[in-house]
Amino acid sequence: MKNFNRLIYTDNLEESLEETASFFKRHIKFYTEIIEKDKKVIKTFNKDFKIEHAKEVISKAHLKHSEPNAFLIAAPSYGTEAQNALLKILEEPPNNVCFIMFAKSPNHVLATIKSRLIKEDKRQKIPLKPLDLDLSRLDLKDIYAFLKNLDKENFDSRENQREKIESLLESVNRHKIPLNEQELQAFDLAIKANSSYYKLSYNLLPLLLSLLSKKKTP
């Protein structure tokens with residue numbers, strides 16, 4: 001059922017998950033929050049997806065499934081360790097199992113996860129601002145000028161800086177520049193470094209140099 005694997009971007013996690021669940025005779029919802037209130041058990045997707053959730057997914061996926069079963073996973077954000085734990089099983093799903101993940105933004109999911117899933121965008125469209133950089137004619141002079149101008153910009157949040165990294169990856173896809181596993185991981189590491197308050201130009205420099213190197217390779 002690997003061809004059914006999906007990553008769905010949505011403004012409403014629960015609504016999209018329930019809509020998707022209606023298409024499958026058998027499915028399992030993985031809640032990230034289970035609380036008891038007024039003698040009622042309340043299950044939600046409001047908490048972050050962590051390593052313990054990933055282990056539960058993997059454990060249940062490896063059980064014998066005699067009929068097709070959709071694993072539905074939704075969270076406001078996904079921990080890096082949890083996502084890395086899912087990589088292998090997303091690449092090689094067990095028999096009769098497919099995985100459908102829901103996220104509010106591409107920024108919340110590692111590039112290595114995104115490369116393994118068919119992506120659907122059900123959000124209200126707010127396109128990323130394109131970078132002022134033409135990858136088809138990239139050279140060292142362009143990289144230097146771009147990063148110099150970038151250092152002059154005032155970013156009001158880490159999220160805005162993260163969007164710059166995502167915009168670069170989107171531009172790579174738009175120019176149909178192939179990336180291998182190591183190069184995809186480099187984008188993941190840049191996003192992680194951004195969260196650790198590394199300077200944006202420092203994060204983008206190795207990515208841009210790698211793209212320049214690919215351009216020069218016959």
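Student: Which element gives the largest share of the lining of the largest pocket?
Tutor: The largest share, 7 residues, comes from α6. Helices (H or I, at least four residues) and strands (E, at least two) are DSSP runs, numbered from the N terminus. This is a predicted model, in which local features need pLDDT of at least 70 and side-chain atom pairs count only at pLDDT 80 or more, while totals for chains, interfaces and linings use all residues. Residues are numbered from 1 along each chain as its sequence is written, and side-chain values use heavy atoms, with hydrogens and water left out.

Student: What makes a space a pocket and not a cavity?
Tutor: The search uses a 1 Å grid over the protein atoms alone: in a cavity a 1.4 Å probe fits but cannot get out, whereas a pocket is an open set of points with protein on both sides within 12 Å along at least five of seven lines. Lining residues have an atom within 4 Å of a point.

Student: How much space lies in the largest pocket, and how is a volume defined?
Tutor: The largest pocket holds about 710 Å³. A volume is the space filled by probe spheres set on the grid points, which are joined across faces, edges and corners. Its lining has 27 residues, and Tyr 9, Pro 106, Leu 128, Glu 166 and Glu 170 are the closest to the centre. Two or more lining residues come from each of α4 (111-114), β7 and α6 (158-174).

Student: How do the lining residues of the largest pocket divide?
Tutor: There are 11 nonpolar, 5 polar and 11 charged residues. Here Ala, Val, Leu, Ile, Met, Phe, Trp, Tyr, Cys and Pro count as nonpolar, Asp, Glu, Lys and Arg as charged, and the others, Gly among them, as polar. In the second largest pocket, of about 320 Å³, the lining divides into 7 nonpolar, 9 polar and 3 charged residues.

Student: Why is Thr 32 called buried?
Tutor: Buried means under 20% relative accessible area, exposed over 50%, and partly exposed in between (1.4 Å probe, protein chains only). Thr 32 has 9%, and therefore it counts as buried. This residue is found in the loop between β2 (27-30) and β3 (33-37).

Student: What makes the pair Ser 136 and Asp 134 a polar contact?
Tutor: A polar contact is a pair of N or O atoms within 3.5 Å; within protein, one must be able to donate a hydrogen and the other to accept it, and residues adjacent in sequence count only if both atoms are side-chain atoms. The side chains of Ser 136 and Asp 134 are joined at 2.6 Å, so the distance is within the limit. The side chain of Thr 32 reaches the backbone oxygen of Lys 47 at 2.8 Å.

Student: Which residues is Ser 136 in contact with, leaving aside its neighbours within four places in sequence?
Tutor: They are His 175 and Lys 215, where contact means heavy atoms within 4.5 Å. The C-alpha atoms of Ser 136 and Lys 215 are separated by 8.4 Å.

Student: What makes a set of residues a nonpolar core?
Tutor: The members are buried Ala, Val, Leu, Ile, Met, Phe, Trp, Tyr and Cys residues joined through side-chain atoms within 4.5 Å. The largest such core has 24 residues, of which Phe 49, Phe 99 and Ile 113 touch the most other members. α3 gives the most to this core, with 5 residues.
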